[in-house]
Amino acid sequence: MALALTDIHKHFGAVRANDGVTVSIEPGSLHGILGENGAGKSTLMKVLSGFIEADSGRIVLDGQPLDLNSPADAIAAGIGMLHQDPLVFLPFTVLDNFLLGTPGPARLDRISGSSELARMSAELGFDFDPLQPVRSLTVGERQQLEITRLLWLGAKVLILDEPTTGISAIQREQLFSVLRQLAADGLIVLFVSHKLEEIEELCNSVTVMRAGQVVGAAEMPIAPAELVAMMFGKVIEEPGRPEPMAGSEMLSMTGVEVTAGTANMTNLDLTISAGEVVGLAGLEGSGQRAFLDTLAGLIPAQKGRITLDGIDLTDLSYRDHMDSGVHYLPAGRLEEGLVAGLTIEEHVALTTRDQPFFLDWEAATATAEASIEGFNVKGVAENTAESLSGGNQQRLLLSLMPEQLRLLLMEHPTRGLDIESAEYIWSKILTRRESGTAIVFASADLDELLTYSDRIFVFFSGELIKVLDAAISDGEELGYLIGGRERS
Amino acid sequence: MDWSATLNSIVAAAAPLILATIGETISEKSGVINLSLEGSLRLSAMVGFVAAFWAGHALVGFAAAMLVGALIATIIAFGNIKLKINQIALGFVLYLLAVELASFLGDPFVGERGEQVPPLPIPGLSEIPFIGKVLFDHNLVVYGSFLAVFATWYLFYRTRAGLTIHGIGERPEGAFARGIPVNRLRFVYTVIGGALVGLAGAAYSLDVKLGWRETLTLNLGWIALAIVIFGSWHPVRVALGCYLFGALQVAAFQLQDVFPGVAQVLPIAPFPLMILALVMIYAGWFVRLGDRWPRARGWLLVEPPGAIGTIFERE
Amino acid sequence: MKTRTEFHPLPTILSVLAALVVSVFLLWLTGAPPFEAAGLMLEGAFGSADKIANTLLAWTPLVLASAGLVVTFAAGMWNIGVEGQIVMGAIAASFVAREVPGEAWLVVPLTLVAGVVGGSLWAMLAGVLRTKGHVNEIFGGLGLDFVAAGVAVYLVIGPWSREGTASTSGTDIFREEAWLPTTTMFGTEMPLLAVTLALTATVAVYYLLRGTRFGLRLKAVGQSPRSAFLMGIPNDRYILYAFAVGGALAGIAGAVQATGYHHKLVPSVSGGYGFLGILVVLLAGFSAKWIVPIALFFVTVSVGSTTMELRLGLDSAFGGVLQAVIVLFVMFGTAYATERRRRSKAWSSDP
């Protein structure tokens, strides 16, 4: 039951996301699709799962050519896709999520559905409470539910898109062992990732993509250096750890309590120095978001005091925080940071402090052009924010930050960006340290946390469980800690 | 005070409103708001009246009204789903168009006497003391309203199709990834909702109010939209909202004898009430009641379908 | 809601033509001769100096209300409460007209100020219901529309009723000092002041949105409230400002209706200009640029259709039908054109 994709082409306007991609996979394979962000892996998988239609090319499964016009066709052919952020229905129960979209009689029999769920999940080693609302499940658990559902529907090809972002080391182990079992049972497992180590650990064959094309395919094991060379087409220097620049105390928290949402932190006594970079690590919903939001003034701190460079921030609003030299960069660049329909120069006019009532458009345009230059934004002042690519949107956001900052807060600063963009963004961020800005950022990318942080605050289950020295720690330790375990 | 007679009239008066709100609930549950409701109601009431008038039979009127309601809903569905036109904008323009059209075309028929839905007490059941009078001594329209509530409840919570509707209204991308034809289903349910609204319109001109005039529907279409929110898109809660409203209407009507000025206020009264009701269900103290009585949460909180009002696109 | 301005000339013109075809069909259905009907419409609106003055007097409140709606739409709000705001402005102006003594140079400006206050406060009520009460502005505004209408009816048949009668035909006529002044031109009373008010309001709104920090922030709030908040813009406050401005302009429209057109308070004082204004703004692509000509076209239809009723016995609701049909067709036409363009871009294979 082999899978063959031949000469797949897909473009979006001027961008050739898939440029003649050919992949062939044997049954029982744990096949990795390796490539940087933007290499075309996601597009290829969306084509294979019927989410989007290829412009041209052929897909043949088990000798049968497939005409995939929609996900329904893919499901009928036995292809199941697990999205990076599992497409589950948050307010509904586990059982309803399991049953939604499955074929069956008009009358919904939840009792037999429940026993089917129990049976299927037991086979895979998972455990669910059918009546629990899915929104209270962790990302890893939602993945497990989705996998259970896809297999129950009879998937013969299972695609996983970047599944290990945001899950703990324990959950990762569980996932990998399930995938190995499935491959042993004869399924094809496609593991899409940009993480070399995981492909090395899990897969027995790999296809490497770059810029929309397949640049190599191999059986594992293969020398990592070769894979890296294929991924990037050149020798890539691992970004070295930046020189620490921490100075005097900038931010101090004493006896602070953060209890919003899932967070449950009491008696926080921390200091962060000027020019220091602190990374916040943890699974989604572990409390780091609440911590960041408290520093931003989006959530009031219960109890305790927060001082920034001598200024008492406790009980101050978000706007007051802004006025005191705090800047918050949200994860949703277009949804939360920018206004999609406004142009770059309009954004400049909007964010410049002390603008007169009657706008000075000339000044705004000039500043916009200077920012475009200074931050290498691919666009002109009249371009709308939504016409920019993700990397350029992030550059725009950085350029809009005020000159003097005491505290820079960022949520997932390089999510979804390719390595070059990510490095450029970080280089710009790090220059802020020179003027004494303290930087605090949350990320699901353990490598990013380890590379750029001076210290890492690890969150689990709503609490701050550990403070790590990033220079000493490593990915394995961090991976276990975010799952609540010390490495054994 | 003859309670059974009073309750009987509440149930009867609320029947058209129930048909309209249930129809809108189905449409909105799948994600599509039909803001033209008041206009649809008026136009279908007028068309239903005229059709029954010409054909000499109420049934023809109901069929025609249903078609009108479905047609307007089809325009909304097509405009929003295929052409990505904003639901609110489209709904509002259709509201104005339908209202003006109803005035324009219906003008010659004002004051005419038309068909009427005959009473149909259920033999045996209607003789049960009290309950029989309240529930089984009505006509087809009222029984239809009961059926609509029950059928929609069953559809939403006991069938696969119902779970699918929840899915397409909550997170269409998720439903789409599961192979569900989101837009096709939204289209269908919007039209079904519109058809029910059409039936409600006919119920006003051929049953509850009889005849055609501009003020026939008393802008209750807007109240219906609010009741759907108030009832949190759950057919039984929505129906209760309609009966509550019906009770208030009957009470106000009876008060007319006591306070003569009330008659003037009557057409306006529902609207401040509507505002107060909406303020209440979102009010902090009310929401916190749900924390104190977790079992009652489903009945107190308002949880809209996550993707209501949005347009679903594949890419 | 997307309230950015996109105007496509060709699809708009084609859609208008299609709408006209449909309207002709409707006329044919009711047995009215279409060309004669069109002629009557134009004659009713522009047939004499008197009629032109009348048309301009109807055009003014529509433009004012529309200008106000442009502002509320910019903030992302569906200000369905605009009808009530016009009524409240009219009521406030009527109060001044009845109760405040003095010469015209004092009373007239006060009536306009009263209009601003009445409309603005009523609008902010809807705004507060939205920001503090979490009641969608459509329901809040609508409810307040009906309450305002109720207040107007109450005043007309109650405290402000004419001696002896409690009829809904209106209050006593205001004394002449309170009337909105007109200028004698071409043998008739031309409402130059009213027209000036309308044009000034349009220009002011245009520059408010394009050239001021306030306008830009308002647009940010309307298009992306979360981003606006994170940029430090107080969303709720700006929404209230938008309602205040929108309501103020609607209030002036109401004052003009009361002191300039009816010269008394009648229950139907809003003339439907609020909802019609929404149609105007939809057709104008939410931009202040086009509301002047579009409003003139709509008013021609409205005024003209009353003439049609008188001469052809055609229910004047036909005017409303025509207006709504045109907007509907244009909405579909431009949406279709946008969709076609979007699809062809996605499918183009030029890298």
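Biologist: What makes residues of chain A and chain C count as being in contact, and how many are there?

Modeller: Two residues are in contact if their C-beta atoms, placed from the backbone, lie within 7 Å. By that definition, 24 residues of chain A are in contact with 20 residues of chain C. This is a predicted model, in which local features need pLDDT of at least 70 and side-chain atom pairs count only at pLDDT 80 or more, while totals for chains, interfaces and linings use all residues. Residues are numbered from 1 along each chain as its sequence is written, and chains are lettered from A and ligands numbered from 1 in the order in which they are written.

Biologist: Which elements give two or more residues to the side of chain A that touches chain C?

Modeller: They are helix H10 (318-323), helix H11 (333-337) and helix H12 (344-351) of chain A. H12(A) gives the most, with 4 residues. Helices (H or I, at least four residues) and strands (E, at least two) are DSSP runs, numbered from the N terminus.

Biologist: How do the residues of that side of chain A divide by class?

Modeller: There are 13 nonpolar, 6 polar and 5 charged residues. Ala, Val, Leu, Ile, Met, Phe, Trp, Tyr, Cys and Pro count as nonpolar, Asp, Glu, Lys and Arg as charged, and the others, Gly among them, as polar.

Biologist: What is found where chain C touches chain B?

Modeller: Here 33 residues of chain C are in contact with 30 residues of chain B. On the side of chain C, helix H6 (137-157), helix H11 (273-283) and helix H13 (317-347) each supply at least two residues. H13(C) provides the largest share, 13 residues. By class, this side of chain C has 24 nonpolar, 6 polar and 3 charged residues.

Biologist: Why is chain C called as compact as a globular protein of its length?

Modeller: Chain C has 13 helices and 2 strands. Its radius of gyration, taken over C-alpha atoms, is 21 Å, close to the 20 Å that the globule rule gives for 351 residues, so chain C is as compact as a globular protein of that length. The globule rule is 2.2 Å times the number of residues to the power 0.38.

Biologist: What makes a residue of chain C count as buried, and what percentage does?

Modeller: A residue is buried if 20 or more other C-beta atoms lie within 10 Å of its own, exposed if 12 or fewer, and partly exposed in between, with C-beta atoms placed from the backbone. Of the 351 residues of chain C, 55% count as buried.
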